[in-house]
Amino acid sequence: PDSSDFYGFTGGKPTGPDGPCSGGTCSDASLPITLQYFTVKVDTRQVILNWVTASETNNDFFSIERSTDGYSWKTIQELKGAGTSTADLHYTSTDENPNPGLNFYRQRQTDFDGSSTISNIKSVEVSNELEEPVVFPNPTNGPVSVSTSTNELGDLRVYSIQGMDVTNQVHRQSSGNQHQLDLTQLPSGLYLLQTPGGITKVYKQ
C-alpha cells in the first residue's frame with residue numbers, strides 16, 4: 001500500500017495502547033470534522049496528500065505536518081477550511097521536497113477559537129536514489145534541456161573531457177524539474193554534466 005496507519009497524537013505526546021487511542025489507532029470521529037478518508041502516496045519524488053470531509057464545524061484551517069521520527073513535526077502547508085459545512089469537500093496538498101527515506105504526515109485541524117485536534121498519522125517511504133537526468137537535444141549546438149526527478153539540480157557542474165570546470169561559461173535557467181542550459185560559449189567537444197543524479201555526457205557540436 002502507498003500509506004499506512006501509525007498512531008495518533010494529542011498535545012504532542014503519543015497516545016498508543018496506554019492512551020485514549022486503544023490499539024494504537026485513533027478514530028477520525030474524534031475530530032470536529034467528519035473525515036471520510038486521508039491518504040498519502042508518493043508520486044515520483046513528491047508526496048501527494050488527499051482527504052475528504054463529510055462535515056465540518058467551525059473549521060478555520062488545516063495544517064499539514066511532516067516528521068522523520070514521529071515525534072518532531074514541521075508544518076509544511078496550511079489550507080483554508082470551510083468553516084461549517086455538511087457537503088463532501090475534497091482537499092489536496094503536495095509535499096514537493098520530502099526527506100529521503102521514511103516520512104510521517106498528519107493534519108492538524110484548527111477551529112476559529114484557536115483550539116486544534118490532530119488526525120491519524122500516515123507514513124510513506126521516499127526513495128533516496130535520484131534518477132539520471134535526461135538531456136535533449138544531445139548532441140547540441142548550444143541550448144539544451146535537462147529533465148530531472150526533482151525540482152532542484154543541486155550543485156550542477158559542467159566539466160570538459162580534460163576535467164576542467166567550465167560551469168561559469170554556461171548560462172542556466174530553471175522552472176520546476178525542467179532546466180535550460182546554454183552551452184553556446186563552449187568550444188565543440190564532449191562535456192560532462194554532473195548533477196546529484198549522476199554524470200551525463202553532453203556533446204557540443
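Q: Is Ala-54 buried or exposed?
A: Ala-54 is buried: its relative accessible area is 19%, and buried means under 20%. Keep in mind that this is a predicted model.

Q: Where does Ala-54 sit?
A: In strand S5.

Q: And what does Ala-54 touch?
A: Leaving out residues up to four places away in sequence, Ala-54 touches Thr-34, Gln-36, Ser-85, Thr-86, Ala-87 and Asp-88.

Q: How far apart are Ala-54 and Ser-85?
A: In sequence, 31 residues. In space, 8.0 Å from C-alpha to C-alpha.

Q: New topic. How many aromatic pairs are there?
A: The count is four aromatic pairs. One of them is Phe-38 with Trp-51, an edge-to-face pair with 6.0 Å centre to centre and 90° between the planes.

Q: Which strands does that pair link?
A: Phe-38 is in strand S4 (residues 33-43) and Trp-51 is in strand S5 (residues 46-67). They are 13 residues apart. Both Phe-38 and Trp-51 are buried.

Q: OK, why is the pair of Phe-62 and Tyr-91 edge-to-face?
A: Their planes are at 65°, so the pair is edge-to-face; the cut-off is over 60 degrees. The ring centres of Phe-62 and Tyr-91 are 4.9 Å apart.

Q: Where are Phe-62 and Tyr-91 in the chain?
A: Phe-62 is in strand S5, and Tyr-91 is in strand S7 (residues 89-95), 29 residues apart. Phe-62 and Tyr-91 are both buried.

Q: What do Phe-38, Trp-51, Phe-62 and Tyr-91 form?
A: One aromatic cluster.

Q: Last one. What lies over the face of Trp-73?
A: Arg-106, at 4.2 Å from the ring centre.

How values were computed
Residues are numbered from 1 along each chain as its sequence is written. This is a predicted model: local features need pLDDT of at least 70, side-chain atom pairs count only at pLDDT 80 or more; totals for chains, interfaces and linings use all residues. Side-chain values use heavy atoms; hydrogens and water are left out. Rings of Phe, Tyr and Trp (its six-membered ring) pair if their centres lie within 6.5 Å; planes under 30 degrees apart count as stacked, over 60 as edge-to-face and the rest as tilted. Helices (H or I, at least four residues) and strands (E, at least two) are DSSP runs, numbered from the N terminus. Buried means under 20% relative accessible area, exposed over 50%, partly exposed in between (1.4 Å probe, protein chains only). A charge sits over a ring if NZ of Lys or CZ of Arg is within 6 Å of the ring centre and within 35 degrees of the ring normal. Contact means heavy atoms within 4.5 Å.
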